Amino acid sequence: MIQKVNKPTFLRKLYPNTKLWLSLALVLVVMLVQNYWISGAIMVISVLWTVREKYLMEFKVILFAILLMFVMMFGINGMLNPVCDKTKDPLFILPLLNWKFYKEGLEYAMVYFMRIAPLMASLFLLFRTINMTDLGVAMCEAGLSYHASFIFVSTFQIIPVLGKDMNQIMDAQRARGLDTEGNLWKRFKAFIPVMVPVVANSIMKVRDRAVAMESKGFNAECGKTIYRDLEKTKADMALKVMSIVVSAGCVVYWILVRFVWK
């Protein structure tokens, strides 16, 4: 069987906590600095790096959401936003539909679009390249309790596990003659024969996992060992320090702009 192997790229080799610090820095830069050029650069770099990491097929969903948000935000705010001064001449008019777009509404849409879209692109890339098992190990090494890290990692793993089970059960039901395609009523009738095995299978997996955890001493009052040895490189240290400095600088800049440089 041919199996796809993900090569260890620069982002995939980074320590998980480093990516969390980078995520914090990006959020603070976009939300507090509020510079269109910086936000645009973050978005462009994120998209290009997503292509380089070969996540373009998965990123299409995020890209479609960004484009839909762009059309809705600029269309609704540009024409209907209450802050628009309708007494002024519109910035431009679509001649065929006679839609009038006003400057105040477009500026209002631009402020919020340039906060949300770059974060959607950049955080998708950072979190998609995080291995959940490595993240749990990193959280334990950082001092978080073993139980808390297990709950955190399991929460993120449950969605792909359920998705995989549902696809397998749908394939099995189709092989038995179940019609899962067609109009809305046919899809609704096929929903119960698919969901009942999914729920039953999930309950059985929870029981099996509980037995396996107890047999491995999950609730034992003793120190826990970690079998995965994550390597921290010089790049991790440099990016972590840079993220902390940038985050602190953004907070200081926001305080100065809001309370001092009025």
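This is a predicted model: local features need pLDDT of at least 70, side-chain atom pairs count only at pLDDT 80 or more; totals for chains, interfaces and linings use all residues.
## Packing of helices α2 and α9

The crossing in which α2 passes α9 is left-handed.

On the α2 side, the contact involves Thr18, Trp21, Leu22, Leu24, Ala25, Leu28, Val29, Leu32 and Val33. These residues meet a set in α9 that comprises Asp236, Leu239, Lys240, Met242, Ser243, Ile244, Val246, Ser247, Cys250, Val251, Tyr253 and Trp254.

## Aromatic pairs

Across the whole structure, a search finds seven aromatic pairs. One of them joins Tyr108 and Tyr112 in a tilted arrangement, with 5.1 Å from centre to centre and 55° between the planes. Both tyrosines belong to helix α5 (residues 103-128), and because Tyr108 and Tyr112 are four residues apart there, about one helical turn separates them. Tyr108 is partly exposed, at a relative accessible area of 35%; Tyr112 is also partly exposed, at 36%.

A single aromatic cluster is formed by Phe70, Phe74 and Phe113.

## Charges over aromatic rings

Tyr112 also takes part in a contact with a charged residue: Arg115 lies over the face of Tyr112, 5.2 Å from the ring centre. Elsewhere, the ring of Tyr15 has the charged end of Lys232 over it, at 4.8 Å from the ring centre.

Conventions. Residues are numbered from 1 along each chain as its sequence is written. Side-chain values use heavy atoms; hydrogens and water are left out. Rings of Phe, Tyr and Trp (its six-membered ring) pair if their centres lie within 6.5 Å; planes under 30 degrees apart count as stacked, over 60 as edge-to-face and the rest as tilted. Helices (H or I, at least four residues) and strands (E, at least two) are DSSP runs, numbered from the N terminus. Buried means under 20% relative accessible area, exposed over 50%, partly exposed in between (1.4 Å probe, protein chains only). A charge sits over a ring if NZ of Lys or CZ of Arg is within 6 Å of the ring centre and within 35 degrees of the ring normal. A crossing is left-handed if the near helix is turned anticlockwise from the far one by less than a right angle, and right-handed if clockwise. Contact means heavy atoms within 4.5 Å.
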